[in-house]
Amino acid sequence: VTMSDVHIAKLWRVQNESLWSYYSFHKDRLEDNNIDPNERRVWHGTSSMDPHIVYSDKLDGFMMQFAANGLWGRGIYFADKASYSKNYSHKPAVCETSKRERPGTKEDELEMFLTRLSVGKEVKLAQDRNITIPPIDWTTGNRFNSVTGVTADSQVWIVYENGRAYPEYLVRYYIGPRDKSRTPYKSKDSARKSLRWSGSNSFQRELSTSSHPDVSPTPRQGSWEYLSDNGWVAYDSTNQALIENTFQNHTQSAMKPTVIISGPQWKYEVNVKTMVQKNIQHVDSRERGIRFHSNLP
């Protein structure tokens, strides 16, 4: 958590098949050139521009054409910490398009994207407003894929081309005391324990440009586990969320069935289609089975 006294009022998952295909094309292009996509989940605020322009676009999504000149030149900026992107959050209450597209906003609410970004091979540079494209990596003869640096206590990444990011979630939030009418649950754990969770569609709905239903899937009761030498072991809460999100995206939207997770010592690739995990940092690693263990009787 990088912002205090912040509460989510609404959360939308963006389902735009055209944008996802475009993003996947650029991600696959990196892999085809033996470059780790280095995919990250990062934050992005659209300032005065309605997020609708990004999530409803079927060609580019985040566009260089809208980019302003920043500390690392004219590019599309993404942040590790939400506290950085807060300064660029969109205020839906003063935007007529926002009020039509996503009604029910209050004066104190703000919006920003939680985004998938294919960082690729990054280079850390000092601030320079004259940058227009990443420099050459003289070890390979190719350009770096993105530029990174630190500002306002957050690492940021800058890309200088379209197609490198997908607007996965639009988050509407407010700062101050929790309003129980907007944020009925104090935490994710309290929401999961509530009987209201399984029947509620107020926490999340889909911003869809296809035929996907405008409701969120009912969270499954259970946990993801991997087969260790001593039997089945549950993943920690962070990796549980990552794997379940990948499973939902794959089964409902035909997105990639793999996700990279971090353990105490190694990183692993988990495949929810073949139901295996593999250590991607150890040359002698072997695949281990995974499963979803239901808590339902």
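**Notebook: salt bridges and cores**

I looked up Lys99 and found a salt bridge to Glu96, with the closest N and O atoms 3.1 Å apart. I count a salt bridge when a side-chain nitrogen of Lys or Arg is within 4 Å of a carboxyl oxygen of Asp or Glu. The model is predicted, so local features need pLDDT of at least 70 and side-chain atom pairs count only at pLDDT 80 or more, while totals for chains, interfaces and linings use all residues. Residues are numbered from 1 along each chain as its sequence is written, and side-chain values use heavy atoms, with hydrogens and water left out.

**Helix α4**

Lys99 and Glu96 are three residues apart in helix α4, so about one helical turn separates them. Helices (H or I, at least four residues) and strands (E, at least two) are DSSP runs, numbered from the N terminus. Lys99 is partly exposed, at a relative accessible area of 32%. I use buried for under 20% relative accessible area, exposed for over 50% and partly exposed for in between (1.4 Å probe, protein chains only).

Ser98 is also in helix α4, which covers residues 96-101. I found Ser98 buried, with a relative accessible area of 0%. Leaving out residues up to four places away in sequence, Ser98 touches Asp50, His90, Pro92 and Pro103; contact means heavy atoms within 4.5 Å.

**Other salt bridges**

I noted 21 salt bridges in the structure. Glu109 and Arg182 form one of them, at 3.0 Å from N to O. Glu109 is in the loop between α4 and β6 (110-118) and Arg182 in the loop between β12 (165-175) and α5 (188-193), so this pair ties together parts 73 residues apart in sequence. Glu109 is buried at 2%, and Arg182 is buried at 16%.

Next I checked Arg172, which has a salt bridge with Glu111 at 2.7 Å between the closest N and O atoms. Arg172 is in strand β12 and Glu111 in strand β6, 61 residues apart, so that distant parts of the chain are linked. Both residues are buried.

Which residues join Glu109 and Arg172 in a network of salt bridges? I listed Asp50, Arg102, Asp108, Glu111, Asp179 and Arg182.

**Nonpolar cores**

A nonpolar core here is a set of buried Ala, Val, Leu, Ile, Met, Phe, Trp, Tyr and Cys residues joined through side-chain atoms within 4.5 Å. The largest has 23 residues, and Phe62, Ile76, Phe78, Phe113, Leu117 and Tyr166 have the most contacts inside it. Among the elements that each supply at least two residues of this core are β1 (6-15), α1 (17-32) and β6. Apart from this core lies another, of eleven residues, including Trp72 and Ile131.
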